[in-house]
Amino acid sequence: MVQPAQLEENATFAQRVIEFDQSPSPVTLVESKICLEGGALVVDGDGTLLATESSILNENRNPGLSRSDTE
């Protein structure tokens, strides 16, 4: 299980990326209550998103969320 200090460190790092990554265009912060793991999402920059269903619809990671909730 991820410890609160690790979550805070990750959140701080992500905030720095959002603030300073301006090229080629600014990064937009999108907040979500869905918990993911590395590799759960892959994007190609052209609007295509691939999602690994088994890592998103997992009771240990996102208890009580249905497929329609996550979509």
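N62 is buried, at a relative accessible area of 4%; buried means under 20% relative accessible area, exposed over 50%, and partly exposed in between, with a 1.4 Å probe and protein chains only. N62 sits in the loop between α2 and α3. Helices here are DSSP runs of H or I of at least four residues, strands are runs of E of at least two, and both are numbered from the N terminus. Leaving out neighbours within four places in sequence, N62 is in contact with K33, I34, C35 and I56, where contact means heavy atoms within 4.5 Å.

Before going on, the basis. This is a predicted model, in which local features need pLDDT of at least 70 and side-chain atom pairs count only at pLDDT 80 or more, while totals for chains, interfaces and linings use all residues. Residues are numbered from 1 along each chain as its sequence is written, and side-chain values use heavy atoms, with hydrogens and water left out.

Next, S55. This residue belongs to helix α2 and counts as buried, at 5% relative accessibility. A polar atom of the S55 side chain lies 3.0 Å from the backbone oxygen of T52. That falls under polar contacts, meaning a pair of N or O atoms within 3.5 Å; within protein, one must be able to donate a hydrogen and the other to accept it, and residues adjacent in sequence count only if both atoms are side-chain atoms. Not counting residues up to four places away in sequence, S55 touches C35, E37, A40 and R61.

The side chains of E37 and R61 form one of them, at 2.6 Å from N to O. E37 is in the loop between α1 (4-20) and β1 (41-43), and R61 is in the loop between α2 and α3, so this pair ties together parts that are 24 residues apart in sequence. Both are partly exposed: E37 has a relative accessible area of 39%, and R61 has 23%.

E53 forms a salt bridge with R67, with the closest N and O atoms 3.5 Å apart. E53 is in helix α2 and R67 in helix α3, so the pair ties together parts that are 14 residues apart in sequence. R67 also meets E71 in a salt bridge, at 3.3 Å from N to O. E53 is partly exposed at 41% relative accessible area, whereas E71 is exposed at 72%.

Now the pockets. Rolling a probe the size of a water molecule over the atoms shows where empty space is left. The working rule is a 1 Å grid over the protein atoms alone: a cavity is a set of points where a 1.4 Å probe fits but cannot get out, a pocket is an open set with protein on both sides within 12 Å along at least five of seven lines, and lining residues have an atom within 4 Å of a point. Grid points are joined across faces, edges and corners, and a volume is the space filled by probe spheres set on the points.

Which residues lie nearest the centre of the largest pocket? They are A14, V30, E31, S32 and I34, out of 17 lining residues. The volume of the largest pocket is about 760 Å³. Its lining has eleven nonpolar, four polar and two charged residues; Ala, Val, Leu, Ile, Met, Phe, Trp, Tyr, Cys and Pro count as nonpolar, Asp, Glu, Lys and Arg as charged, and the others, Gly among them, as polar. A14 lies in helix α1 and is partly exposed, at 34%.

The second largest pocket has a volume of about 280 Å³.

A51 is in strand β2, residues 49-51, and is partly exposed at 48%. Apart from neighbours within four places in sequence, A51 is in contact with A40, L41 and I56. A51 and I34 are 17 residues apart in sequence and 13 Å apart in space, C-alpha to C-alpha.

Definitions and conventions: A salt bridge is a side-chain nitrogen of Lys or Arg within 4 Å of a carboxyl oxygen of Asp or Glu.
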